[in-house]
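Biologist: I am new to this structure. Please show it, and then I will ask about it.

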Amino acid sequence: EKVGTMGASTSMPAMKDYTWVVPGSEDAEHGLGAIHRHPVHNKDPNEYKYYFSDGRTLYDLFQRGLHMSENLPCMGYRPIDASTGKAGAFVWLTYKECWAKSRA
């Protein structure tokens, strides 16, 4: 049985379990639950190939983008017109603007 991938042109086999728990990842002392991974990503995270040596986490990758492209578009949204309920044109925030909002 195949399931869709949210608009992608490919599909993947249906899975019974959508995540698996990384053994030993729960930290009850600090109130942190276990790390859950998608079944496709079942190998040791230390074995993953990273595209950028200075980007192993989402934070690292954002910082890389900020330093390389601070005044270029980073994140966009479409404001909804209150009278029609329709989405308008994209409004873009630069990396620099996103960084400022995250620090506010």
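**Confidence, aromatic pairs and a core**

Modeller: The protein chain has a mean pLDDT of 79, and 75% of its residues reach 70 or more; pLDDT is the predictor's confidence in each residue, from 0 to 100. This is a predicted model, in which local features need pLDDT of at least 70 and side-chain atom pairs count only at pLDDT 80 or more, while totals for chains, interfaces and linings use all residues. Residues are numbered from 1 along each chain as its sequence is written, and side-chain values use heavy atoms, with hydrogens and water left out.

Biologist: Is the pair of Y59 and W99 stacked, edge-to-face or tilted?

Modeller: Rings of Phe, Tyr and Trp (its six-membered ring) pair if their centres lie within 6.5 Å; planes under 30 degrees apart count as stacked, over 60 as edge-to-face and the rest as tilted. The count by this rule is four aromatic pairs. For Y59 and W99 the centres are 6.3 Å apart and the planes are at 55 degrees, so the pair is tilted.

Biologist: How many residues apart are Y59 and W99?

Modeller: Helices are DSSP runs (H or I, at least four residues), numbered from the N terminus. Y59 is in helix 1 (residues 58-69) and W99 in helix 2 (residues 95-103), and their pair links distant parts of the chain, 40 residues apart.

Biologist: Why does the pair of F62 and Y95 tie together separate parts of the sequence?

Modeller: F62 and Y95 form a tilted aromatic pair, with 5.6 Å from centre to centre and 40 degrees between the planes. F62 belongs to helix 1 and Y95 to helix 2, so the parts tied together are 33 residues apart in sequence.

Biologist: Which residues make up the largest nonpolar core?

Modeller: A nonpolar core is a set of buried Ala, Val, Leu, Ile, Met, Phe, Trp, Tyr and Cys residues joined through side-chain atoms within 4.5 Å; buried means under 20% relative accessible area, exposed over 50%, partly exposed in between (1.4 Å probe, protein chains only). Y95, at 19% relative accessibility, counts as buried, whereas W99, at 24%, counts as partly exposed. Helix 1 and helix 2 each supply at least two residues of the core. Its five residues are F62, L66, L93, Y95 and C98.
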